[in-house]
Amino acid sequence: MGTAPRIDTSVPTLGPCKVDNPLPYCHHIDDSSKMPLYLSSEILDGATSKTVYEFEEAGPRQKIYFDPPKTKCAIVTCGGLCPGINDVIRAIVMSAHHNYHISGIYGIRYGLQGFIPKYKHDIMELTPDSVRDIHEFGGTILSSSRGPQAPEEIVDALERMNISVLFMIGGDGTMKAAGSVTEEVLRRGLKISIIGIPKTIDNDINFVTRSFGFDTAVEKATEAIRCAHIEALGAPGGIGMVKLMGRESGFIAAQASLALKEVNFVLVPEAPFELHGPDGFLVQLKTRLEQRQHAVIVVAEGAGQDLCRIDNQVDLSGNPILGDICDVLRSEIKKFFAAEDFPYTLKYIDPSYIIRSIPANSNDRIYCGFLGQHAVHAAMAGKTGMVVSKLQERYLYLPLPLVTAKRRKLNIYSNYWRSVMESTGQPQSMFNCATKA
């Protein structure tokens, strides 16, 4: 029997906390009291049902590091859009202003570019009045950008602005950038707190079991799937194909398919599939149409990349530029069904940018509120180089190296994926995955 993997869950701090917390009433969290959690292999490779790890619980501390009237904060949003970003911004501003009475909160425009003088982006002063209604809108009032910026220039800007706390809202690349900024701050011996709030609509950040905006994305994705189903029913041999987000992880595609039982095929990056052959996707699709006269296919954008022509280029965020799997599928379906002299009608729906830009739903708004509040509590207590996460329904603080170690993947040997397979009825033999011992 192997030993459980060792992970470092300790969160760095800027120094001892000596200032009384100004919150008039609350339950204070003791730093020395750790929160034990059982981690399964779903979260941590190599973990067993008996593996227990201790984490730092999120929440206000009795003593804080920063003196609020002398503290300035900045917020930056990076990467692609996601439902709930404005809710997180609003929660940070409201908590910092009303609960801690800090001296100023500033919004950095257009992502990390906003720190760099050559781009000439203005900053925004964020007040309760200016963020009062922003949760009603999608996107981010601060705007965003992709691409790396030198951590030295970012820290230079923080020093010029006399910023004590930087809240960075973004995905895996942003959290890695936050790690680089933290290292530069420590190298200079500065007392600046760097707090990450993980944002990814793909739900693929390590140790974050549900990222904010995911619930909203699934809800909106089901609308597209419902439309595809109606289109498929509208003609003999009708096929409805929906492309959903998921570069490296198929969580949205899987969850949306579970939410709407009309889906017959789910293709995700974690499960390579056969296109041709007796057990391949094309034969299974033809069989489905022969039996029921319609089919609904949900495809995560990163699925089937081995079937696409790709040239190994990357985008500004360093992500591989994906081949268009749905273009490949539509082309192969056309050729296969023509050879079989089998009539069909295919309707293709790509709702990606609609899903990204809508306001958060009720569940995500609540979640974003907690994340923003806990981020402020962490910052004021002098925590740094960390992110706020929700793990097994508990809010906790995690060191940045833990969440940037790898991308979170859908476990295709889990009960969850088995449920997806049962819901769709697609055969396991279609996937060329090794059988788990």
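## Basis of the description

Because the model is predicted, local features need pLDDT of at least 70 and side-chain atom pairs count only at pLDDT 80 or more, whereas totals for chains, interfaces and linings use all residues. Residues are numbered from 1 along each chain as its sequence is written, and side-chain values use heavy atoms, with hydrogens and water left out.

## The nine-strand sheet

Nine strands form an open sheet of mixed pairing, in the order β2-β3-β15-β14-β9-β8-β5-β6-β7; strands (E, at least two residues) and helices (H or I, at least four residues) are DSSP runs numbered from the N terminus, and two strands pair if DSSP finds at least two bridges between them. The edge strands, each pairing on one side only, are β2 and β7 (123-125), and the twist from one strand to the next averages 35°, with axes taken as lines fitted to C-alpha atoms, for helices over the stretch in contact, and angles running from 0 to 180 degrees between N-to-C directions.

Strand β2 runs antiparallel to strand β3 (residues 52-57), to which four bridges join it, and L37 stands opposite Y53 in β3. Elsewhere in the sheet, strands β14 (residues 386-391) and β15 (residues 394-399) pair in the antiparallel sense over six bridges, with R394 in β15 as the bridge partner of L391.

Helix α3 (residues 151-161) lies across β5 (72-77), β6 (104-108), β7, β8 (165-170) and β9 (193-198), and runs at about 150° to β6. In the loop between α2 (128-131) and α3 is Q149, which counts as buried because its relative accessibility is 16%; buried means under 20% relative accessible area, exposed over 50% and partly exposed in between, for a 1.4 Å probe and protein chains only. Leaving aside neighbours within four places in sequence, Q149 is in contact (heavy atoms within 4.5 Å) with L112, Q113, I116, Y119 and I154.

V88 lies in helix α1 (residues 85-99) and counts as buried because its relative accessibility is 0%. Not counting residues up to four places away in sequence, V88 touches I169, I197, F212, C368 and G372. The C-alpha atoms of V88 and P198 are separated by 11 Å, although these residues are 110 residues apart along the chain.

## The four-strand sheet

An open sheet of four strands, with parallel pairing, has the order β11-β12-β10-β13. Its edge strands are β11 (265-267) and β13 (345-349), each of which pairs on one side only, and the twist averages 15° from one strand to the next.

Strands β10 (residues 238-244) and β12 (residues 294-300) pair in the parallel sense over seven bridges, and V242 has V298 in β12 as its bridge partner. Helix α7 (residues 281-292) lies across β10, β11 and β12, running at about 145° to β12.

## The second largest pocket

The second largest pocket is lined by 16 residues, of which N203, T209, R210, F251 and R408 lie nearest its centre. On a 1 Å grid over the protein atoms alone, where a 1.4 Å probe fits, a pocket is an open set of points with protein on both sides within 12 Å along at least five of seven lines, and lining residues have an atom within 4 Å of a point.
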